[in-house]
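These are my notebook entries on one structure. I begin with the chain as a whole and then turn to single places along it.

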Amino acid sequence: MNDTSASHQFLPGAPDSPVILHVPHSSRAIPAAVRQDIVLDDAALERELDHITDSHTAEIAAAAAARCATAPWRFVNRLSRLVVDPERFPDEREEMLSVGMGAVYTRTTHREELRPAGYDGRALIEEYFEPYAAAMTAAVTERLAAVGRAVIIDVHSYPTEPLPYELHGDGPRPPICLGSDGFHTPEGLRLRAERAFAGFGGTGINSPFAGTYVPLTHYGKDPRVGALMIEIRRDVYMTEPGGPAGPGLDALAGALAELVDAVGSA
């Protein structure tokens, strides 16, 4: 796959919306050339995709966008995070390197070999990570120019039971985990999310997953960029691992739409 634009999709929203719904981990697609360097057989790879994919999160974001009074913009990764993970730091700052899951994964969710020892992921960084980061940076910059602010809402999911790769899996696992950042997540944004998702049995902050995504160009520098991660425990809306969605998906889309409209009108 040489057309890197095909690795992600930027779907337009209302001209006056500051909100970008970011969906980085919903796809299972792996280009054939990338598949060749993954050591798992086909059955094991499908099992790994069941565990690592935030299944149906693109559908949640799409259904939410369709309900909003002011449609948000959507930035969707069309490739699996087993190609590259666009939300990792691409260097030694990334703590997940300790379990072989930096921007290019070399180990699985169960800490088994995914790519050969000593694998050099620089080609994948150049072909997929860097164009994705540049496109997301451009999307945020465009919202800043158009409306003077940008709000990134990261849409994720996580398994009910911790997987071996998790570095902080011994903490609370609420139905809805809100990942926040000290610089980019204002209290008002977090409170609006807590209200919007109050009906799912509880929300928590930064456990089991913490932080949120902001392009490195803006990260820690531009307070006009707000960001919040929504981590949905998978039993709330789907059969685990990797199974079909259930009625919880529609309710979650409604809650996400409520949050988007509240943020957009703030």
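**Entry 1: contacts and overall form.** I looked up how far apart in sequence the contacting residues of the protein chain lie. Among contacts between residues at least 6 apart in sequence, 80% join residues at least 24 apart. I note that the model is a predicted one.

I then checked the radius of gyration, which is 17 Å for the protein chain. A compact globule with 266 residues would have a value near 18 Å, so the two agree. Along the principal axes, the C-alpha atoms fill a box of roughly 50 × 40 × 30 Å. Of the 266 residues in the protein chain, 53% are buried.

**Entry 2: secondary structure.** I counted the elements and found 6 helices and 7 strands in the protein chain. Their order along the sequence is β-β-α-α-α-β-α-β-β-α-β-β-α.

**Entry 3: α5 and α6.** How do the axes of α5 and α6 cross? I found that helix α5, residues 187-196, and helix α6, residues 248-264, have axes that come within 9 Å and cross at roughly 150°. Angles over 145 degrees count as roughly antiparallel, and α5 and α6 therefore have that relation to each other. The crossing in which α5 passes α6 is right-handed.

I next listed the residues that meet. From α5 these are Leu189, Arg192, Ala193, Arg195 and Ala196, and from α6 they are Ala255, Glu258, Leu259, Ala262 and Val263. By class, I recorded 7 nonpolar, no polar and 3 charged residues in the contact of α5 with α6.

**Entry 4: Gly13.** I located Gly13 in the loop between β1 (8-11) and β2 (19-23). Is Gly13 buried or exposed? Its relative accessibility is 19%, so Gly13 counts as buried; the cut-off for this class is under 20%. Leaving aside neighbours within four places in sequence, I found Gly13 in contact with Ala71, Pro72 and Trp73. I also took the C-alpha to C-alpha distance from Gly13 to Gly118, which is 43 Å, for a sequence separation of 105 residues.

**Entry 5: the loop between β6 and β7.** I looked up Asn206 and Pro208 together. Asn206 is found in the loop between β6 and β7, and Pro208 is found in the loop between β6 (203-205) and β7 (225-233). Asn206 has a phi near 55°, a positive value in a residue other than glycine. At 29% relative accessibility, I class Asn206 as partly exposed. The peptide bond from Ser207 to Pro208 is cis, and its omega is near 10°.

**Entry 6: Pro241.** I recorded a cis peptide bond from Glu240 to Pro241, with omega near -15°. Where does Pro241 lie? I placed Pro241 in the loop between β7 and α6.

**Entry 7: His56.** I then examined His56, which is found in the loop between α2 (42-52) and α3 (57-67). His56 is not a glycine, yet its phi is positive, at about 70°. I found a relative accessibility of 18% for His56, which therefore counts as buried.

Note on methods. Residues are numbered from 1 along each chain as its sequence is written. This is a predicted model: local features need pLDDT of at least 70, side-chain atom pairs count only at pLDDT 80 or more; totals for chains, interfaces and linings use all residues. Side-chain values use heavy atoms; hydrogens and water are left out. Axes are lines fitted to C-alpha atoms, for helices over the stretch in contact, and angles run from 0 to 180 degrees between N-to-C directions. Helices (H or I, at least four residues) and strands (E, at least two) are DSSP runs, numbered from the N terminus. Angles under 35 degrees count as roughly parallel, over 145 as roughly antiparallel, 65 to 115 as roughly perpendicular and the rest as oblique. A crossing is left-handed if the near helix is turned anticlockwise from the far one by less than a right angle, and right-handed if clockwise. Contact means heavy atoms within 4.5 Å. Ala, Val, Leu, Ile, Met, Phe, Trp, Tyr, Cys and Pro count as nonpolar, Asp, Glu, Lys and Arg as charged, and the others, Gly among them, as polar. The radius of gyration is taken over C-alpha atoms; the globule rule is 2.2 Å times the number of residues to the power 0.38. Buried means under 20% relative accessible area, exposed over 50%, partly exposed in between (1.4 Å probe, protein chains only).
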